[in-house]
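Grab a pencil and work through these exercises with the model open beside you. Each task comes with a solution that goes step by step.

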Amino acid sequence: MGTQLKEKKVAIVVTDGFEEVELTKPLEALKEAGATAEIISPKDKTVKAWAETDWGKEYQVDKNIEDVVVSDYDALVLPGGVMNPDHLRVNDKVVAFVTGFFDEGKPIAAICHGPWTLIETGELDGRKVTSYRSLKTDLENAGALWLDQEVVVDKGLVTSRTPDDLPAFCKKMIEEIAEGPHNRVAGANNGGVSQLG
């Protein structure tokens, strides 16, 4: 096991219908880098994955969304799958939790349909992102600049398009978490450009 992310704690937020490989691969990468990762959900006990064309395995939930605070975590990961973010983005507790990572400048990594939940935070205006192609218009309507690239990084926000992009996604996710929080105001960490909009 690596030590790049030793003492880093990462929240992975999902509910039923997340794309299985978009949880398992980042989780594996985080653990290999030495991080502690917890599966957070509005559900108790277990969440059920979607594996490409049918239901996949069930995974143990570490904590309910009602019982977590942003200050306990160093970063956030949002796997995709169509059903998963569609339910998460209408859950006020989830949206507040995700928004808190933006507020504190902590790294966020979202893949495929995962960025759907980010729209609800109101924090994407002027940010560069990518996602599964069908989300392009939604993200642009939220003020984001959508790019068709395997991984896009913008001030601690890491996004990718599909499971095919997972190697690049996981690599950048680890790099950004290792870097730590990004300033939200003008300063050295972001070249003097304010992230507030």
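## Exercise 1: An aromatic cluster

Tyr73, Phe97 and Phe101 form one aromatic cluster. Keep in mind that you're looking at a predicted model.

**Task.** Work out how the rings of tyrosine 73 and phenylalanine 97 are arranged, then do likewise for phenylalanine 97 and phenylalanine 101.

**Solution.** 

Step 1. Start with what to look for: a pair of aromatic rings is described by the distance of the centres and the angle of the planes.

Step 2. The structure holds four aromatic pairs. Take tyrosine 73 with phenylalanine 97: the ring centres are 6.1 Å apart and the planes make 90°, so this pair is edge-to-face. The cut-off you need here is that planes over 60 degrees apart count as edge-to-face.

Step 3. Now place the two residues. Tyrosine 73 sits in the loop between strand 6 (63-64) and strand 7 (75-78), while phenylalanine 97 belongs to helix 3 (residues 92-103), so to speak 24 residues away, and the pair links distant parts of the chain.

Step 4. Move on to phenylalanine 97 and phenylalanine 101. Their ring centres are 5.1 Å apart with planes at 85°, so that pair is edge-to-face too. Because phenylalanine 97 and phenylalanine 101 are four residues apart in helix 3, about one helical turn separates them.

Step 5. Finish with burial. Phenylalanine 97 has 5% relative accessibility and counts as buried; phenylalanine 101 is buried as well, at 0%. Tyrosine 73 is also buried.

## Exercise 2: Charges over rings

**Task.** Which residue lies over the face of tyrosine 73, and which over the face of tryptophan 116?

**Solution.** 

Step 1. For tyrosine 73, look at lysine 9, which lies over the face at 5.1 Å from the ring centre.

Step 2. For tryptophan 116, it's arginine 89, over the face at 4.0 Å from the ring centre.

## Exercise 3: The sheet and its helices

**Task.** In what order do the seven strands of the open sheet run, and which helices lie across strand 1?

**Solution.** 

Step 1. Read off the order: 6-3-1-7-8-12-11, with mixed pairing. Strand 6 and strand 11 (151-154) are at the edges with a single partner strand each, so one side of each has no neighbour in the sheet.

Step 2. Zoom in on one pairing. Strand 1 (residues 9-13) and strand 7 run parallel over three bridges, and valine 10 has alanine 75 of strand 7 as its bridge partner.

Step 3. Helix 1 lies across strand 1, strand 3 (36-41), strand 7 and strand 8 (108-111), at about 175° to strand 1. Among its buried residues are Leu23, Leu27 and Leu30.

Step 4. Check the length of helix 1: at 1.5 Å a residue, its 13 residues should span 18 Å, and the end C-alpha atoms are 18 Å apart, which agrees. Just past the helix, glycine 34 has a positive phi of about 95°.

Step 5. Then helix 6 (residues 166-179): helix 6 lies across strands including strand 1 and strand 12 (157-160), at about 175° to strand 12.

## Exercise 4: Contacts across the chain

**Task.** Leaving aside neighbours within four places in sequence, which residues is valine 95 in contact with?

**Solution.** 

Step 1. Valine 95 is in helix 3 and, at 14% relative accessibility, counts as buried.

Step 2. Its contacts are Leu88, Arg89, Glu120 and Thr121. Valine 95 and threonine 121 are 26 residues apart in sequence, yet 6.2 Å apart from C-alpha to C-alpha.

Conventions: Residues are numbered from 1 along each chain as its sequence is written. This is a predicted model: local features need pLDDT of at least 70, side-chain atom pairs count only at pLDDT 80 or more; totals for chains, interfaces and linings use all residues. Side-chain values use heavy atoms; hydrogens and water are left out. Rings of Phe, Tyr and Trp (its six-membered ring) pair if their centres lie within 6.5 Å; planes under 30 degrees apart count as stacked, over 60 as edge-to-face and the rest as tilted. Helices (H or I, at least four residues) and strands (E, at least two) are DSSP runs, numbered from the N terminus. Buried means under 20% relative accessible area, exposed over 50%, partly exposed in between (1.4 Å probe, protein chains only). A charge sits over a ring if NZ of Lys or CZ of Arg is within 6 Å of the ring centre and within 35 degrees of the ring normal. Two strands pair if DSSP finds at least two bridges between them. Contact means heavy atoms within 4.5 Å. Axes are lines fitted to C-alpha atoms, for helices over the stretch in contact, and angles run from 0 to 180 degrees between N-to-C directions. The expected span of a helix is 1.5 Å times one less than its number of residues.
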